[in-house]
Amino acid sequence: MKTIIYAHRGASKLAPENTMPAFELAYKMGAEGIETDVQLTKDNVPVLIHDENVRRTTNGTGFLLDYTLAELKQLDAGSWFSDQYRGTSIPTLHEFLQWVQDKHIKINLELKNNIIDYKDLEKIVYDHLEAFNLLDRTVISSFNSASIHQVGLIDESVTTGFLTSQKIKDLIDFAKDQGARGLHIKYRMLNPSIVKEAHLNNLYVAVYTVNRPIQLRRCFRLSCDAIFTDVPNIAKQTRDML
Ligand code: G3P
Ligand code: CA
């Protein structure tokens, strides 16, 4: 099976992460999936942003959860990256799903609730996916294992991935106990035995964030099921040359 190439926060090396231009570029480059991060505004609207604080990727300051959607939409999420993207706003999950609906591309929604435990985030995201009829090509992932478990309680047919950046004891059993279908591991955790063990246990393996050709080749050769990359164009070229 071919390793699926997910654009990490969109084509985030080439356009401002988690914005519509970054998603559009990833799609044009032929990424097979898009990974993005979901959090909630003060008025409970799911929006796509990585950090809990808006400072790094917008011209605003402070925590996302203190902004209503209307306030958040006033922020510029593009000019920090380059002047070319001035005027770009933080997308809502609704806007993203509406755009993705007619595209032949997979989705990975990462619930960013390992630092702030947004109430009902799992159900809010699930309801959006269901409304757009996109559950069958979506993976929901989280570093928060309770959240993975919660998604399974809402609908056990949803594909979920347990995210981790460090080896934890009995990782595979732990992920399975939460109901996860896959492991989303940091590149430094990758070795042949974790892939083999996961596959023997019917778990898929997805690796983040892989940008260098030498690392990409290693993921492809180890039969990882998916990778997350900021440079989907380079990932595709590298895979084609194997
Ligand atoms: O989903 C993979 C990866 O995005 C997890 O880490 O910090 O980039 O959200 P982060
Ligand atoms: Ca992420």
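Author: Happy to! One thing to know before we use the record: UniProt annotations may be inferred rather than shown by experiment. Also, this is a predicted model.

Reader: Good to know. Which residues does UniProt list for "domain: GP-PDE"?

Author: The UniProt record, an unreviewed entry, gives residues 3-239 for "domain: GP-PDE".

Reader: Nice. What about the inside? Which residues have the most contacts in the largest nonpolar core?

Author: Those are A26, V125, V205, V207 and I227, in a core of 65 residues. Helix α1 (residues 20-28) gives the most to this core, with six residues. Buried residues make up 44% of the 242 residues in the protein chain.

Reader: Let me pick V205. What does V205 touch, leaving out residues up to four places away in sequence?

Author: V205 touches G182, L183, I185, V195, A198, C224 and D225.

Reader: Switching topic: what surrounds ligand 1?

Author: Around ligand 1 you find H8, E35, D37, H50, E110, S141, L163, H184, Y208, T209 and F228. By class, that shell has three nonpolar, five polar and three charged residues.

Reader: I'm checking backbone angles too. What is phi like at D120?

Author: D120 has a positive phi of about 60 degrees although it is not a glycine. D120 sits in the loop between β4 (106-111) and α4 (121-131). N133 also has a positive phi, near 60 degrees, and is a residue other than glycine. You'll find N133 in the loop between α4 and β5 (138-142).

Reader: Why does D120 count as exposed?

Author: Because D120 has 12 other C-beta atoms within 10 Å, and 12 or fewer counts as exposed. N133 is exposed as well, with 10 such atoms within 10 Å.

Reader: Last one: where is I234?

Author: I234 is in helix α9 (residues 232-240). I234 is partly exposed, with 18 other C-beta atoms within 10 Å.

Methods:
Residues numbered from 1 in each chain as written. Chains lettered and ligands numbered in written order. Predicted model: local features only at pLDDT ≥ 70, side-chain atom pairs only at ≥ 80, totals over all residues. Near = placed C-beta within 6 Å. Nonpolar A, V, L, I, M, F, W, Y, C, P; charged D, E, K, R; others polar. Buried ≥ 20, exposed ≤ 12 C-beta atoms within 10 Å, placed from the backbone. Core = buried A, V, L, I, M, F, W, Y, C linked by C-beta atoms within 7 Å. Helix = DSSP H or I, 4+ residues; strand = E, 2+ residues; numbered from the N terminus. Contact = placed C-beta atoms within 7 Å.
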